[in-house]
Amino acid sequence: MTALGRFGGAVLDICRVVGALTLFCGAVLRALLPPRADRVETWRALHRVGVRSLPIVIVTAFFAGGIAAIQVSTYVTKFRAYEAVGWGFGFVTFRELGPLLVGLMFSGRVGAHNTAELGTMKVTEQIDALRILAIDPVHFLVLPRIVAMLVMMTLLNVIGNVFALGGGMLTAYAMVGVDPFVFWNSFTEYVMLADFINGLVKAAAFGLAIGIVSCSFGLEVRGGAPGVGRAVNSGVVVSAVSIFVLDYLITAILQ
Amino acid sequence: MSEPSTLGGLARELRAQIGDTIDVGRQAAWYLVRGRWDWPAIFAQAHEIGVRSVFFVIVCLGFLGAIINLQAGFQATRIIGDASLIGQQAMPLVVRLLGPTLTGMMVATRVGTGIAAEIGSMVVTEQVDALRMNRAPPAEYLVKPRLVACMVMVPALTTIGITAAFFAGMLVAAVGFGTNPGTYADFDVVVGLDLIEGMVKAAAYGVAIPIIAATAGLRARGGSEGVGEATTQAVVAASLAVIVLDFLISGAVFFLR
Amino acid sequence: MIRLEGVCKSFDGVEVLRDVSFAVPARGTLGLVGAGGAGKSLILKLLCGLVRPDRGRVWLGETELGPLSERELMGVRGRIGMIFQNYALFDYLTVADNIGFPLARMQRPAAEIAARVQTRLDQVHLPDIGPRYPRELSGGMKKRVCLARATVHDPPIMLCDDPTAGLDPVTTNRIFRLLKDLQAQNDATAIIVSHETAYLRPICDAIALLDRGRLVFAGPTEAALQHPEVRAFMEAGVRPAQAR
Ligand SMILES: Nc1ncnc2c1ncn2[C@@H]1O[C@H](COP(=O)(O)OP(=O)(O)O)[C@@H](O)[C@H]1O
Ligand SMILES: [Mg+2]
C-alpha cells in the first residue's frame with residue numbers, strides 16, 4: 001500500500017468509528033424518551049462498576065497525588081514558596097492529573113471489561129436471545145451500564161480526590177518536609193470550588209464517554225473470541241482519545 | 001477467575017500477579033542474554049507496537065500539550081496578566097512527567113491489550129503448550145521479541161509524543177494567548193536532568209509494559225471470557241505500573257536535584 | 001518406558017486426579033479411555049511436564065520429570081510427539097511452517113526441513129496444502145496436520161489426545177492407520193486417548209479406564225475386556241442397547 005492509500009484508509013477508519021458512535025448515541029438518546037432504563041439492572045450495574053473500580057481508583061489517586069506533590073515540590077523548593085504547595089498541588093491534581101489518570105484507569109478496568117462482557121454476549125448470541133424475548137438490549141444492557149459509569153466515575157472522582165490529597169500530603173511531608181498543617185492551610189485557602197467542580201465535570205464527561213464507547217464496541221463485535229480481543233483493544237483506544245478530546249474541550253469552555 | 005472485590009482480595013490477587021510477573025521477567029531477562037535473536041519477529045513486533053501506535057500517541061499527546069498550555073495560560077493571564085511565559089512553565093513538566101507517563105499509559109492501553117489478547121488467545125487454544133513442546137519457551141519465543149521492540153519503541157514514541165505536545169501547545173499559546181512562538185520555544189528551561197528523567201521513565205515503561213501484559217496473557221484461563229479478563233488485567237496492571245514507576249523515579253530524581 | 005506412580009492433581013481445591021499409577025513398556029500402545037472430564041488430557045500433559053503433579057512421580061524412560069526445571073524439560077519434550085485435543089496449530093503460521101516448527105526450533109537446515117515436511121504431507125494425504133493457513137482447513141485436515149507436526153521429528157514417544165474427535169468414519173480409519181504406520185516407522189511408544197473403542201481394541205496392547213480422576217483398571221487388552229466396567233465402557237459405543 002502507498003503512504004497515501006494508508007492515510008486514506010486511516011481517515012476512513014476514523015470516519016467509520018465516529019459514524020458508528022454517532023448512530024449509537026442516537027439509539028441511546030431515543031431510548032431516553034421516555035427514560036426506560038431497567039431499574040434492577042441499573043442497581044446491579046452501579047454496584048458492579050463501583051466494586052470493580054474502587055480499589056484501583058484509590059491506589060491510582062494516591063499515587064497521582066504523590067506524583068503531583070513531587071512535581072509541585074520541585075517548583076516550590078526552587079522558589080522557596082512552601083506555603084504554595086497545597087495550592088499548586090490542588091490545582092494540578094483536582095483539575096488535570098486526578099480526573100485524567102482515574103479516567104484512563106477506569107477505562108481500562110471498567111470500560112474494557114464491559115466491552116469484553118457485551119462482546120462475549122454478542123458472539124454467543126445472548127443478545128439475539130434477549131431480542132427474541134422482546135427485551136430491548138439498549139434499555140436492558142446499555143442504559144444501565146452508561147448510567148452506572150457516569151454516576152460511579154463522578155463519585156469515584158470525589159473519593160479519588162480525598163486519597164490524592166492524602167498521597168500528596170504524605171509525599172510532600174516525606175520529601176520536602178512540608179508540615180501537613182501548612183499543606184492543609186494552603187490547600188484550603190487557595191483551592192477553590194471552581195477547581196473541584198472543573199474536575200468533577202471532567203470526570204462525569206469521561207464516565208459518559210467510556211460508557212458509550214465501551215458499550216458500542218462491545219455490541220459491534222464480530223468473529224468469535226479473537227473478535228472480542230480486537231474490540232476491547234479498539235474500545236480502550238477510542239476511549240482514551242475521547243478522554244483527551246473532552247478534557248481539552250471542557251478546559252477551554254469552563255474558564 | 002474470581003473477582004477481587006475487596007482491598008484484601010485485590011492484595012492477594014496482586015501478590016500472585018506480581019509473583020508471576022517477576023517470574024516471567026526473570027525468564028525473559030535470561031533469554032535476552034542467552035536466547036536466540038529472532039530478528040523477523042522483533043521487526044514485526046516493532047512495527048505493530050511502534051509504527052502502528054504513532055498516530056494514536058500523536059493525537060493524545062497533542063491534545064495533552066494543548067490542555068496544559070490552556071490551563072497554564074488561563075492561570076497566567078488571571079494572576080500575572082501575561083501569558084508570554086507559559087511555554088517555559090509547561091515544557092519541563094511535559095518533558096519529564098506528562099510526556100513519558102501519558103505516552104506510557106497510552107502504550108499500556110493500546111499495546112498492553114494487544115499483547116495480552118494475542119498471547120491469551122494462544123494460551124486458551126493450547127498453542128502455548130504446543131510451543132513448550134517444541135523447544136520454544138514462551139519467554140523466549142513470545143515475550144522476548146515484544147520486550148526488545150518495546151524497549152526501543154517506547155522511548156521513540158515518547159520523543160514523538162513530547163514533540164506533538166510541544167507543537168500543539170505552541171499553537172494553543174499562539175492562537176489563544178498571543179504568545180510569540182519564539183518566546184514559547186525557549187529550550188533553555190529544559191535542563192539535561194529533565195531529559196534524562198523523561199527518558200529513564202520511558203525506558204522503564206518499555207521494560208515493564210510488555211512483561212506485565214505478557215504475564216496477564218500467559219495467566220489466561222478458559223475461553224473467550226478468559227481472554228477478555230486477561231486483556232483487562234493487562235491494561236490495569238500496566239497502567240498502574242506506569243504510575244508507580246513514575247512516582248518512584250520522580251522521587252529519586254527529586255533527591256538528585 | 002512411560003511410568004506414572006501415585007499421581008495426584010487438584011485445581012482450586014478440586015481433586016482432578018487421584019492416585020493414578022500405570023506403565024507402558026517400550027514400543028507398547030496404551031488405549032486410555034474414560035468419560036469426558038475424567039482427566040485423560042491432564043494425564044498426557046503430566047507426561048510431558050506441561051503440568052506438574054501435586055504428588056507422585058512421572059518417568060519417561062530413565063528420566064524422572066519431577067526434579068527437572070522448565071529448561072531441562074525442553075530437552076525431554078523433544079522426544080515426545082503430542083497431538084493436542086483441539087489441534088493447537090499456530091494460526092499465524094502456514095501449514096508447512098507449522099509442521100516444520102519442531103525442526104526449525106532444532107535449527108535444522110531449511111532444505112532438510114522442507115523435504116521432511118513434504119514427506120509428512122504426502123503421508124497424511126494432503127500433499128498440496130503446505131502454503132495454506134490452519135483456519136482454511138476442515139477438522140479432519142487439521143487433525144492430520146497436527147499428526148504430521150507431532151511426528152515430523154521422529155519422536156520415540158507419541159501422545160495422541162482424541163486424534164479422531166468429530167471425524168467421519170473414513171477419515172477416522174485413515175488416521176488410526178497412519179498412527180500405527182508412523183509408530184511402527186519410529187519404533188515408538190504410544191498412548192492413544194479415544195472414544196472410538198471399536199478402532200482402539202485391535203491396535204492397543206493395553207487399555208486403561210479412567211473414571212472421574214481415578215484409575216479403574218489398567219492392563220493388557222484381553223484382561224481389560226474381562227473387566228466388567230471396562231467391557232461395559234468399551235462396548236457401549238459398539239452395541240449401545242446391550243451394554244445398558
Ligand atoms: N489447567 C486447568 N485448570 C483447572 N482445571 C483443569 C485444568 N486442566 C484440567 N482441569 C480439570 O480437570 C478435569 C479433567 O480434565 P481433562 O483432562 O481435560 O478431561 P478429559 O480429557 O478426560 O475430558 C476437568 O474437570 C477440568 O475442568
Ligand atoms: Mg480431553
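This is a predicted model: local features need pLDDT of at least 70, side-chain atom pairs count only at pLDDT 80 or more; totals for chains, interfaces and linings use all residues.
View 1. The backbone of Y87(C) has a phi near 70°, which is a positive value in a residue other than glycine.

**View 2. D12(C) between two strands of chain C.** The loop that holds D12(C) runs between β1 (2–11) and β2 (14–24) of chain C. For D12(C), phi is near 50°, again a positive value in a residue other than glycine. Is D12(C) exposed or buried? With a relative accessibility of 81%, D12(C) counts as exposed, since the limit for that class is over 50%.

View 3. The residues around ligand 1 are F11(C) and V16(C), together with the run A35(C), G36(C), G37(C), A38(C), G39(C), K40(C), S41(C) and L42(C). By residue type, this shell divides into five nonpolar residues, four polar residues and one charged residue. Helix α1 (residues 40–47) of chain C gives the most to the shell, contributing three residues.

View 4. Which residue places an N or O atom of its side chain 2.6 Å from an oxygen atom of ligand 1? That residue is S41(C), whose side chain supplies the N or O atom at this distance.

View 5. The largest nonpolar core holds 141 residues, of which L102(B), M106(B), F22(C), I43(C), L47(C), L159(C) and I191(C) touch the most other members. Helix α4 (residues 86–124) of chain B gives the most to this core, with 15 residues. When neighbours within four places in sequence are left aside, L159(C) is in contact with L44(C), L47(C), C48(C), I80(C), G81(C), M82(C), I83(C) and I191(C). Another core, of 39 residues, lies apart from the largest one, and its members include C160(C), I192(C), I203(C) and A224(C).

**View 6. T231(B) within a helix of chain B.** Helix α9 (residues 224–256) of chain B contains T231(B). T231(B) counts as buried because its relative accessibility is 0%. Leaving aside neighbours within four places in sequence, the contacts of T231(B) are V232(A) in chain A and T113(B), A116(B) and A117(B) in chain B.

View 7. Chain B has nine helices and zero strands, and its C-alpha atoms fill a box of roughly 70 × 45 × 35 Å along the principal axes. Of the 257 residues in chain B, 60% are buried, and among contacts in this chain between residues at least 6 apart in sequence, 84% join residues at least 24 apart. Chain B exposes about 9,700 Å², with carbon and sulfur atoms supplying 67% of that area.

Definitions and conventions
Residues are numbered from 1 along each chain as its sequence is written. Chains are lettered from A and ligands numbered from 1 in the order in which they are written. Side-chain values use heavy atoms; hydrogens and water are left out. A residue is near a molecule or strand if one of its heavy atoms lies within 4 Å of it. A polar contact is a pair of N or O atoms within 3.5 Å; within protein, one must be able to donate a hydrogen and the other to accept it, and residues adjacent in sequence count only if both atoms are side-chain atoms. Helices (H or I, at least four residues) and strands (E, at least two) are DSSP runs, numbered from the N terminus. Ala, Val, Leu, Ile, Met, Phe, Trp, Tyr, Cys and Pro count as nonpolar, Asp, Glu, Lys and Arg as charged, and the others, Gly among them, as polar. A nonpolar core is a set of buried Ala, Val, Leu, Ile, Met, Phe, Trp, Tyr and Cys residues joined through side-chain atoms within 4.5 Å. Buried means under 20% relative accessible area, exposed over 50%, partly exposed in between (1.4 Å probe, protein chains only). Contact means heavy atoms within 4.5 Å. Accessible areas come from the Shrake-Rupley method with a 1.4 Å probe; for residues, only the protein chains shown count as cover.
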